[in-house]
2 protein chains.
Amino acid sequence: MDDPVLLTGAGGNVGEAILGGIGDEYDWRLMFHSPPADEPDHEYLVGDVTDDETVQAAVDGVSAIIHLAGDPRPSAPWKSVLSNNIDGTQKMYEAAVEHDVERFVYASSNHAVGAYETDERTPEMYRPNDEFRLDGTELPRPGNLYGVSKATGEVLGRYYHDEHGIKVCNVRIGNLTEGHPPIDYERGQAMWLSYRDCAHLHECTLEADYDFEIVYGISDNERKYYSLERAKDVLGYEPMDNSAEWDGDERVDAN
Amino acid sequence: MDDPVLLTGAGGNVGEAILGGIGDEYDWRLMFHSPPADEPDHEYLVGDVTDDETVQAAVDGVSAIIHLAGDPRPSAPWKSVLSNNIDGTQKMYEAAVEHDVERFVYASSNHAVGAYETDERTPEMYRPNDEFRLDGTELPRPGNLYGVSKATGEVLGRYYHDEHGIKVCNVRIGNLTEGHPPIDYERGQAMWLSYRDCAHLHECTLEADYDFEIVYGISDNERKYYSLERAKDVLGYEPMDNSAEWDGDERVDAN
């Protein structure tokens with residue numbers, strides 16, 4: 001791509017994983033909510049996704065958007081997710097179609113489907129031999145209002161794709177950690193996403209050909225209950241990590 | 001039910017159909033957005049769904065809510081549906097769980113899935129022998145921002161059901177008309193909902209036993225592309241009307 005790729009929410013850990021892995025592969029424009037502590041290596045701006053002027057300036061001239069910005073707290077109050085996540089995402093989409101942006105990658109979340117983890121299914125569903133799988137075709141089932149806002153972001157993408165033709169990929173991001181997977185936390189190990197898999201997956205979302213997708217963003221964990229089929233088939237995602245290769249903070253089965 | 005049933009958006013045509021058909025069957029509390037022209041036959045209040053005090057007063061002491069209020073225009077701007085439909089519905093659910101309301105019937109819309117009506121499928125899908133069916137298990141696919149807001153209302157219901165146990169029924173209402181079905185409008189005939197079927201369906205949503213449902217609210221039209229299976233099986237819905245029984249504004253095949 002010749003035109004820059006806009007990365008919103010660039011100060012968060014997903015942004016850090018992406019820039020750490022594929023920071024040299026694209027011409028980035030970063031959008032931060034607060035001024036970054038260190039001078040970024042890329043063009044950047046600071047502002048709020050609910051502010052029209054900032055959004056216009058951010059989107060003008062980019063070929064693609066990776067939209068990570070929003071209130072990332074699973075316990076965030078309704079007022080905040082309504083404004084930052086729902087309204088902010090709509091504003092970003094509206095600007096994207098106005099500026100003929102080709103593709104929009106949306107950071108959805110495991111919380112959009114968190115309530116599938118019922119008392120009857122857990123903890124068995126977090127274990128290697130359990131066959132329960134979510135594959136992105138299921139209806140949203142959020143476990144909190146943050147998850148409601150993420151499911152709404154996906155629906156906004158469906159609308160903007162259908163109505164305006166923009167390519168949309170929703171990535172239901174799992175439990176992203178740098179280094180080792182979560183310790184003593186079966187659920188986190190099941191939905192672990194390593195930094196390098198996160199970066200590679202987002203590179204796939206910028207390169208692959210698709211119309212509208214909902215994929216799960218996790219490593220190829222033995223414990224997984226999210227299917228990686230769409231991500232592999234449509235995006236060409238080839239995850240390198242698996243939480244089963246770790247014992248606590250030590251890698252025991254090197255890749 | 002001994003406690004009243006709250007009907008919001010009581011001044012609209014869905015409210016009119018419900019009250020016209022089952023107005024005598026329940027102890028109603030009506031909520032209007034603007035003062036009604038004629039004195040209602042039931043207890044009522046006037047106010048906005050985004051106003052906390054009005055919502056608290058409306059919900060206190062009711063056994064069930066039929067939530068019709070919101071901006072009903074398919075072309076409504078984002079700002080309006082964000083506030084009136086999305087935020088208003090969340091406020092109503094929040095009050096419902098706070099006041100231990102047993103069930104919440106939500107007026108969703110055919111517009112939550114309007115973009116399934118693609119150029120390739122139409123107009124064939126509106127015709128009697130076409131086999132395309134939506135049944136409520138498909139992902140939302142709104143054709144406008146109003147539809148996005150309705151899909152979000154459904155997801156809010158999923159969350160409040162899963163988290164708080166309130167019974168939730170989402171009714172994707174079709175094309176409601178009093179008297180004859182739409183004329184020279186195949187789509188409208190396919191998703192026609194007669195006034196009496198509308199009233200009966202809503203009675204079913206107040207009486208049946210269910211957890212969380214998404215059903216289509218249409219008459220038993222020969223042209224239909226919405227399945228009535230869930231409404232019939234779970235709610236006991238027995239529609240009496242069918243747009244094929246009409247030739248323009250005349251009933252030709254009386255029921």
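This report describes a predicted model, beginning with the sheet of chain B and ending with some backbone details.

## Basis of the description

Local features need pLDDT of at least 70 and side-chain atom pairs count only at pLDDT 80 or more, while totals for chains, interfaces and linings use all residues. Residues are numbered from 1 along each chain as its sequence is written, chains are lettered from A and ligands numbered from 1 in the order in which they are written, and side-chain values use heavy atoms, with hydrogens and water left out.

## The sheet of chain B

In chain B, seven strands form an open sheet with parallel pairing, in the order β3-β2-β1-β4-β5-β6-β9. Strands and helices are DSSP runs numbered from the N terminus (strands: E, at least two residues; helices: H or I, at least four). Two strands pair if DSSP finds at least two bridges between them. The edge strands, β3 (43–46) and β9 (212–217) of chain B, each pair on one side only. Direction ignored, neighbouring strands of this sheet are turned by 15° against each other on average; axes are lines fitted to C-alpha atoms, for helices over the stretch in contact, and angles run from 0 to 180 degrees between N-to-C directions.

Strands β1 (residues 5–8) and β2 (residues 28–32) of chain B are joined in the parallel sense by four bridges. Here B:Thr8 stands opposite B:Met31 of β2(B).

Which residues cover the two faces of β5(B)? On one side B:Arg103, B:Val105, B:Ala107 and B:Ser109 are buried, and on the other B:Phe104, B:Tyr106 and B:Ser108 are buried. Buried means under 20% relative accessible area, exposed over 50%, and partly exposed in between (1.4 Å probe, protein chains only). Seven of the seven residues of β5(B) (residues 103–109) are buried, so this strand is largely enclosed by the rest of the structure.

Strand β4(B) (residues 64–67) runs parallel to β5(B), with four bridges between them; B:Val105 is the bridge partner of B:Ile66. Strand β6(B) (residues 167–173) also runs parallel to β5(B), joined by seven bridges, and B:Val171 is the bridge partner of B:Ala107. The chain goes from β5(B) through helix α4(B) (residues 145–164) to β6(B) in a right-handed β-α-β crossover. Right-handed means that, with the strands pointing away from the viewer, the path from the first strand over the helix to the second runs clockwise. β4(B), helix α3(B) (residues 78–98) and β5(B) make a right-handed β-α-β unit.

## Two helices in contact

The axes of helices α1(B) (residues 13–22) and α6(B) (residues 195–207) come within 8 Å and cross at roughly 80°. That makes α1(B) roughly perpendicular to α6(B) (angles under 35 degrees count as roughly parallel, over 145 as roughly antiparallel, 65 to 115 as roughly perpendicular and the rest as oblique).

## Backbone details

Most residues other than glycine have a negative phi, and most peptide bonds are trans. The bond from A:Thr122 to A:Pro123 is cis, with omega near 0°, and A:Pro123 lies in the loop between β5 (103–109) and α4 (145–164) of chain A. In chain B, the bond from B:Thr122 to B:Pro123 is cis, with omega near 0°.

A:Asp100, in the loop between α3 (78–98) and β5 of chain A, has a positive phi near 55°. At 64% relative accessibility, A:Asp100 counts as exposed. B:Asp184 has a positive phi of about 55° and, at 78% relative accessibility, counts as exposed.
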